[in-house]
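Subject: Structure handover

Hello,

Here is the structure I promised to pass on. Please have it open while you read the notes below it.

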Amino acid sequence: MTTIKKPFFIVNPKSYLYGNDVIKLAKITDELAKKFELDCLFTSQLIDIPSIKKETSNLIITAQHMDSLYPGRGMGKVLPEALQANGVQAVVLNHAENPLSVSILDKSIRRAKELGILSIVCSDTSAQCSAIAELHPDMMICEPTSSIGTGNISNDAYITETTNAVHSIDNNILIMQAAGVSTGKDVTKVLELGADGTGGTSGIIKSQDWAKKLTEMMSSMIKYREKM
């Protein structure tokens, strides 16, 4: 299983980008991850994963979803072994835009562990964070659904409360606070409040200059790391 060094970054294009555009962003991210010596997770549409894997060498290739099935029946499902065979090292589960039941989430986390794939689970409220922490995923993204894509980061109380809620259950879970994060200042703030990593979607995708925006955010992470 891939080992993540703190602080770390995630670029999550969701369904905004595909094909040549997402590969372009991946290559920019790859170059900057190498330059700044940062562990950087990069998600994409499943069909683009092989191309991104081929075109990059410094990214932690991350699937946006995975099902808990085993090889065999499962038409239309995302087979964990197929992800692993194509170089996927991590998977995001239970995003607000693709929620899972507790039962399915538990099975999916277990399947990921079986194959050495990092499980990254999204959660909303402090109570949800505590409940999901009991399933012991490798990482969690704590973000209020109402703040996703707004450009407004979570307030200080939310970041502190959810981080403490997770770590009171399992201190080994790495925590991302990324809702609304879109500037270098945002990156610094969430890290200072206890997050292990951060990143973004719309704040990066909607920027007119992807390289400039990523440089701004990643360089802030480096400055924070140097003070650790």
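**A buried serine**

Ser119 is buried, with a relative accessible area of 0%. Buried means under 20% relative accessible area, exposed over 50% and partly exposed in between, with a 1.4 Å probe and protein chains only. Before going on, note that this is a predicted model: local features need pLDDT of at least 70, side-chain atom pairs count only at pLDDT 80 or more, and totals for chains, interfaces and linings use all residues. Residues are numbered from 1 along each chain as its sequence is written, and side-chain values use heavy atoms, with hydrogens and water left out.

Ser119 sits in strand β5. Helices (H or I, at least four residues) and strands (E, at least two) are DSSP runs, numbered from the N terminus. What does Ser119 touch, not counting residues up to four places away in sequence? The list is Val91, Leu93, Ile109, Ala112, Pro137, Asp138 and Met139. Contact here means heavy atoms within 4.5 Å.

Strand β5 (residues 118-123) pairs with β6 in the parallel sense, over four bridges. Two strands pair if DSSP finds at least two bridges between them. Ser123 stands opposite Cys142 in β6. With helix α5 (residues 126-133), β5 and β6 make a right-handed β-α-β unit. Right-handed means that, with the strands pointing away from the viewer, the path from the first strand over the helix to the second runs clockwise.

On its other pairing, β6 joins strand β7 (residues 174-176), also in the parallel sense, over three bridges. There Met140 stands opposite Ile175. Both faces of β6 (residues 139-142) are covered. Met139 and Ile141 are buried on one side, Met140 and Cys142 on the other.

Why is strand β3 (residues 59-63) largely enclosed by the rest of the structure? Five of its five residues are buried, so the strand is largely enclosed. Leu59, Ile61 and Ala63 point one way, and Ile60 and Thr62 the other way. In a regular strand the side chains alternate between the two faces of the sheet.

Strand β2 (residues 40-44) runs parallel to β3, and five bridges join them. Ser44 has Ala63 as its bridge partner in β3. The chain crosses from β2 through helix α2 (residues 49-55) to β3, and this crossover is right-handed.

β3 also pairs with strand β4 (residues 90-93), in the parallel sense, over two bridges. Here Val91 in β4 is the bridge partner of Ala63. Helix α3 (residues 80-85) carries the chain from β3 to β4, in another β-α-β crossover that is right-handed.

**The cores**

The largest nonpolar core has 57 residues. Such a core is a set of buried Ala, Val, Leu, Ile, Met, Phe, Trp, Tyr and Cys residues joined through side-chain atoms within 4.5 Å. Phe9, Leu25 and Leu214 have the most contacts inside this core. Helix α1 (residues 19-36) gives the most to the core, with eight residues. A second, separate core has 14 residues, including Ala90, Cys122, Met139 and Met176.

**Helix α9**

Helix α9 (residues 210-227) has 18 residues. Its buried residues include Trp210, Leu214, Met217 and Met221. Among the elements that cover them are β1 (8-11), α1 and β2. Asp209 caps the N-terminal end of α9: a side-chain oxygen lies 3.2 Å from the backbone nitrogen of Ala211.

Best wishes

Technical notes: Expected span 1.5 Å × (residues − 1). Polar contact = N/O pair within 3.5 Å; in protein donor to acceptor, adjacent residues only side chain to side chain.
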